[in-house]
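User: Can you walk me through this model? I have a few quick questions.

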Amino acid sequence: MNGAMHNGHNGANGELLTAALDFDDTLKPFRAPFIEWYNRLSGTDIDYTQIDRYDLAYYMGLGEQDRHKVPELVDRYHEQEMQDTSLSIPAETVEVLGRLSLFFRFPVITARKNRFKPYTLAQMSQALPAHSPEAHHREDYESLSTTKGRLAKKIGALVLVDDHAANVEAALSEGLEAILVADQLNRGYDGRALRVDNWRQIEEELMAIHERHLNGDFVL
Ligand SMILES: [Mg+2]
């Protein structure tokens, strides 16, 4: 039994409900600080605000030959991020998580490689000290050839919160609820998920989901 289950008393059967969370650009900014870091590293002057698609290689001026360098650079960024104790989940997010922790448990599902799991767990225990942190990293679900949506369902989540429209759509297609964290890359989103600008709105929506669940009109 999950240790977090003991903390809550507001789920339908006295347990916490489950909201699966994406990590990068949901709990913590990634793309903007990554581009800043890359600019410092390579002497480039890429303007993050001009980026409007997921193809980072294009903006970094890398051709087909050098495209493979992007995941390597992302891993290098994550490695230095682990050393920098000033980089943590923003205070506003931590406040909201604290209030929601009476009602939800928050497993993280992230495309980061498994070797970054200790960092994810450390960040989550800092942000949510009352809960045992739980993180599912890339190889945990890639090896199951599954999507974030399917994994979220498998671990009992009612809802997935993610900034990537493809993950949100995968969750919806599994019958879960989903919340899309707005950024410039998903501004054209026209799917069924609610698109939110900040953690206050995530809080409102998760509490609405909690309410619906308790009222028994939550359909999976
Ligand atoms: Mg993300």
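Predicted model: local features only at pLDDT ≥ 70, side-chain atom pairs only at ≥ 80, totals over all residues.

User: What span should α1 have?
Analyst: Helix α1 covers residues 31-42, twelve residues, so at 1.5 Å a residue it should span 16 Å. The expected span is 1.5 Å times one less than the number of residues. The end C-alpha atoms of α1 are 16 Å apart, which agrees.

User: Which residues of α1 are buried?
Analyst: F34, I35 and Y38. Buried means 20 or more other C-beta atoms within 10 Å of the residue's own; exposed means 12 or fewer, partly exposed is in between, and C-beta atoms are placed from the backbone. Seen down the axis of α1, the buried residues fall within an arc of 95 degrees, so they line one face of the helix. That arc is taken over the directions from the helix axis to the C-beta atoms.

User: Why would residues three or four places apart point the same way?
Analyst: Because an α-helix has 3.6 residues a turn.

User: What does the buried side of α1 pack against?
Analyst: Its buried residues pack against α3 (69-83). Contact means C-beta atoms, placed from the backbone, within 7 Å.

User: Switching to domains. What are the bounds?
Analyst: Domain 1 is 3-28 + 89-214, and domain 2 is 31-83. These bounds come from an automatic or database domain assignment. Over C-alpha atoms, the two centres are separated by 25 Å. Seven residues from domain 1 and eight residues from domain 2 make the contact.

User: Now the strands. Is β1 enclosed or open?
Analyst: β1 is largely enclosed by the rest of the structure, because five of its five residues are buried. L17, A19 and L21 point one way, T18 and A20 the other.

User: Which strands pair with β1?
Analyst: β1 (residues 17-21) pairs with β5 in the parallel sense over three bridges. It also runs parallel to β2 (residues 104-105), joined by two bridges. Strands pair if DSSP finds at least two bridges between them.

User: Who sits opposite whom?
Analyst: In β5, V161 stands opposite L21, and V159 stands opposite A19. In β2, R105 is the bridge partner of T18.

User: And what is on β5's side of things with β6?
Analyst: Four bridges join β5 to β6 (residues 177-181), and the two run parallel. V159 has E177 as its bridge partner in β6.

User: What unit do β5, α8 and β6 make?
Analyst: A right-handed β-α-β unit, with α8 at residues 165-173. Right-handed means that, with the strands pointing away from the viewer, the path from the first strand over the helix to the second runs clockwise.

How values were computed: Residues numbered from 1 in each chain as written. Contact = placed C-beta atoms within 7 Å.
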